[in-house]
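Here's a walk through one model, from its annotated sites to its ligand shell and one of its helices. Keep the viewer open and click along.

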Amino acid sequence: LILSLGGINMDLVTFSDRLPADGETVVGDRFVTYPGGKGANQAVAAARMGARSAMIGRVGDDTFGPQLVDLLQSVGVETSAVGVTSETNSGIAVISVGEGGQNRIVQVLGANETCGDAEYDAVAALLPHASALMLQLEVSVSLSIRVAELAASQGVNVILDPGPVRAVPNEFHQWVSIITPNETEAEALVGYAIADAHTAANAAGGLLARGVGSAVIKLGAQGAYWADGQASGMVPAFAVEAVDTVAAGDAFNGALAVALSEGHPLETAVRWGCAAGALSVTRIGAQGSMPERHAVMALLN
Ligand code: ADP
């Protein structure tokens, strides 16, 4: 069983020839809703890879809440630990896309930010059945640290995706088995630009020194660099035609968690992650672009 404690969001996306100026209304040509949230995306990614996957988080008592839960269930994610709060809205992002793909985004984390003791208890109840706990930074960091410590004390792999960018307190690192930043997140963590295997190796070394078990730096179309303190290496990306890179990192993490849970070494798990990430960029959307296991295996072979 793979657990994901994190964000569950609905992205509301408009497309127009140009973005409005202050006070202006522009008539757009298309509107779509995409279920997202890094936590939910990663839970879906693990389920699509054939693992038992459970989501822990919170949605609002609004029209999006039940839709988000139904969508998770429809791909086989267990949702009994997804709570509903009437305090605030479901997590949403309002995204306006203009000519040439330029965009403006306002995210309101809402219900995600109310996660607390109930979610801690839900993780505690599920941990005895779990092989991995996936965390991101879309729910309270103090809650994430508490569940990471609990999981680590029970020998369950904690996989931390440190996005969206926000401070990661030093005490967090010791409970993290694998930290998986992308280039932007790695730069925010170490304070210098990450652009290639060389800079990624430096960043990975810095993160290992903070106490994480292993570091995996996701390098977009270049692939991913990994280091576990003993060995390290670069896994090149699989060549694909990129259509939409949203949630590539989430596809990567879901596949990485499943590979590790099946007993594969880190290098193999990073290859699975790269294959899943590559397939996800060939499709539009977030949860909808998470690849099926057979496709990932076909690309690996
Ligand atoms: P994020 O989505 O978190 O920004 P990345 O963009 O680094 O993360 O993507 C995660 C992984 O997906 C990469 O490590 C890579 O293996 C794969 N990937 C991303 N973009 C591409 C691409 N254009 N072609 C092939 N693989 C890609």
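Where is V246 found? V246 sits in the loop between β13 and α8. Before going on, bear in mind that this is a predicted model.

## The site around V246

V246 belongs to a group that UniProt, in an unreviewed entry, labels "binding site": D244, V246, S280, R283, G285 and S289. These residues span 46 residues in sequence, yet no two of their C-alpha atoms are more than 9.2 Å apart, so they gather at one spot.

Beyond its neighbours within four places in sequence, V246 makes contact with G285 and A286.

S289 is another one to click on: you'll find it in the loop between α9 and α10 (293-300). S289 counts as buried, since 25 other C-beta atoms lie within 10 Å. Skipping residues up to four places away in sequence, S289 touches D244, A247, S280, R283 and I284. D244, S280 and R283 also carry that UniProt label.

## The other annotated set

The unreviewed UniProt entry also puts "binding site" on N9, M10, D11, G37, K38, G39, A40, N41, E138 and D250. Let's look at two of those.

Which residues is M10 in contact with, leaving aside neighbours within four places in sequence? They are T33, P35, F64, L68, S90 and I92. With neighbours within four places left out again, D11 is in contact with T33, Y34, G36, A93, I95 and A286. T33 turns up for M10 and for D11, while A286 links back to V246, which it also contacts.

## What surrounds the ligand

How many residues surround the ligand? There are 19, and the closest are K218, A248, G249, C274 and G277. Elements giving two or more residues to this shell are β12 (223-227), α8 (248-261) and α9 (266-280). By type, the shell splits into twelve nonpolar residues, six polar and one charged.

β12 runs antiparallel to β13 (residues 232-236), and five bridges join the two strands. A227 has S232 as its bridge partner in β13. Four residues lie between the strands of this hairpin, and G229 takes a positive phi near 95° there.

Now for helix α3 (residues 117-126), whose buried residues are E119, A122, V123 and L126. Looking down the axis of α3, these buried residues fall within an arc of 100°, so they line one face of the helix. The spacing follows a general rule: an α-helix has 3.6 residues a turn, so residues three or four places apart point the same way.

Which residues are exposed on the other side of α3? That would be D117, D121 and A125. As for the buried residues, what covers them includes the strands β1 (2-5), β4 (53-60), β5 (78-85) and β8 (132-135), along with helix α4 (141-153).

Terms used:
Residues are numbered from 1 along each chain as its sequence is written. This is a predicted model: local features need pLDDT of at least 70, side-chain atom pairs count only at pLDDT 80 or more; totals for chains, interfaces and linings use all residues. A residue is buried if 20 or more other C-beta atoms lie within 10 Å of its own, exposed if 12 or fewer, and partly exposed in between; C-beta atoms are placed from the backbone. The arc is that of the directions from the helix axis to the C-beta atoms. Two residues are in contact if their C-beta atoms, placed from the backbone, lie within 7 Å. A residue is near a molecule or strand if its C-beta atom, placed from the backbone, lies within 6 Å of it. Ala, Val, Leu, Ile, Met, Phe, Trp, Tyr, Cys and Pro count as nonpolar, Asp, Glu, Lys and Arg as charged, and the others, Gly among them, as polar. UniProt positions are given in the numbering used here, feature names are shortened, and annotations may be inferred rather than shown by experiment. Two strands pair if DSSP finds at least two bridges between them.
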